[in-house]
Amino acid sequence: MKMLVIVPAFNEAEVIESVIGEIRGGVPQADILVVNDGSTDETSQKAKDQGVWVLDLPFNMGIGSTFQAGLIFAKRHGYDYAAQVDGDGQHDPRDLARLVLTLDKTKADMIVGSRFLGEGDFSSTMPRRQGIRFFSWLLNLLFRTRVTDPTSGFRVMNQRAIELFSEEYPSDYPEPEALAMAYRSGMKVMEIPCTMQARRGGVSSINFARACYYMVKVTLAILMTLVRPRKKVLV
Amino acid sequence: MNYQNIQIWGVVFSVSLLALTFWFMKRRWLQEKYALVWILVMFVILFVSLRSSVLWLMVTILGIETPSNALYLMALAGLVIISYSFSIIHSRQSQFYRRMAQEIALMKFEIERNQNPMKEAEKGNSRER
């Protein structure tokens, strides 16, 4: 299976080399595409020096647009699988191999690595956990699923999902809404447990006011997916 | 307009605009992030139209003559806020567009240069010959 690992990165010059090295160790058969979201440091050059492909976005657009750029690349170059591994080192690429195996074996369209499925002791701030729990509750209520980590960006997807998300993908705080879109178009999403590190390089870009704004916006967006017609994705 | 009429006007106005907002969001002509300010303002107008206590408060505290004037004032203030937010959004977007256009010009240069590597190297672009 031809696989592309998409690495969204914003000012991760400190850790990008080790992230790339770990991905190569975890999934040596995959191609790596670093999508540089308008970094002001040497993230892009350091990634290029490691011999991976780099897309340099002209300005900072956020994780949603950045990841989607990688998906458009994946679609245009005919990849079967696309994975997301964040450039900040929070995701463990060794778990990626397990995600891929699960995608091979099951009929799911997307496998998500969940922090809250038992393994690992991922402690986050209390407000964040409340927010995550809220979105789990909302998605499980609306779509009759059992998602535990709706904000996890650590996932692998097949061509159906690549096709859907390369056309339309939310721009801010995209993961919960993307799940809603996936469910709405009849795709199957599975979670498997994984560990995530606390952020190694860089600083988190969310404060309290923004968090409230995102909660409202994403909730509204998820509700809007119910109102729109179901989209059958044919690959 | 007497007072009951102004309440009806306020409800019709805010509910119509809310319906329009959701209609455009459904068709993806309006993104959720830009719809939020409309939804917020329209809900405030709807609430104030239905519960007149806020309007009477404005009459006594701010010295506005009638509660219907207060409702008009709130609707006007709401629309000004919305307009302002869009001016700010437009300003940011025009910066983005300018940068994208520049990037495209730079990319075209690189692509054309790579297509004719030998010729460019021989010719150069200096004015001196």
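In the predicted model, the side chains of A:Ser114 and A:Thr148 are joined by a polar contact of 2.6 Å; a polar contact is a pair of N or O atoms within 3.5 Å, where within protein one must be able to donate a hydrogen and the other to accept it, and residues adjacent in sequence count only if both atoms are side-chain atoms. The side chain of A:Ser114 also reaches the backbone nitrogen of A:Phe116, at 3.1 Å. A:Ser114 is placed in strand E5 (residues 110–114) of chain A; helices (H or I, at least four residues) and strands (E, at least two) are DSSP runs, numbered from the N terminus. With a relative accessibility of 0%, A:Ser114 is buried, the classes being buried under 20% relative accessible area, exposed over 50% and partly exposed in between (1.4 Å probe, protein chains only). When residues up to four places away in sequence are not counted, A:Ser114 touches A:Thr148, A:Asp149, A:Glu191, A:Ile192, A:Pro193 and A:Cys194, contact being defined as heavy atoms within 4.5 Å.

The model is predicted, with local features requiring pLDDT of at least 70 and side-chain atom pairs counting only at pLDDT 80 or more, whereas totals for chains, interfaces and linings use all residues. Residues are numbered from 1 along each chain as its sequence is written, chains are lettered from A and ligands numbered from 1 in the order in which they are written, and side-chain values use heavy atoms, with hydrogens and water left out.

A:Cys194, one of the residues touched by A:Ser114, is buried at a relative accessible area of 2%. A:Cys212, by contrast, is partly exposed at 36%.

A:Thr195 lies in the loop between strand E7 (189–193) and helix H8 (208–227) of chain A and is partly exposed, at 27% relative accessibility. The C-alpha atom of A:Thr195 is separated by 15 Å from that of A:Ile111, 84 residues apart along the chain. Another threonine, A:Thr66, belongs to helix H3 (residues 63–76) of chain A and is buried, with 0% relative accessibility. Apart from neighbours within four places in sequence, A:Thr66 contacts A:Pro8, A:Val35, A:Asp37 and A:Leu57.

Chain B contains five helices and zero strands. Of its 129 residues, 26% are buried. Among contacts in chain B between residues at least 6 apart in sequence, 57% link residues at least 24 apart.

At the interface, 12 residues of chain B contact 15 residues of chain A. The two chains bury about 1400 Å² between them, 67% of it on carbon and sulfur atoms; buried area is the accessible area (1.4 Å probe) that two parts lose on being put together, summed over both. B:Lys26, B:Arg28 and B:Glu32 supply 43% of the area that chain B buries against chain A, more than any other three residues. Three salt bridges are counted between the chains, each defined as a side-chain nitrogen of Lys or Arg within 4 Å of a carboxyl oxygen of Asp or Glu. One of them joins the side chains of A:Arg228 and B:Glu32 (3.1 Å, N to O). Helix H1 (3–26), helix H2 (32–50) and helix H4 (67–115) of chain B each supply at least two residues of the side that touches chain A.
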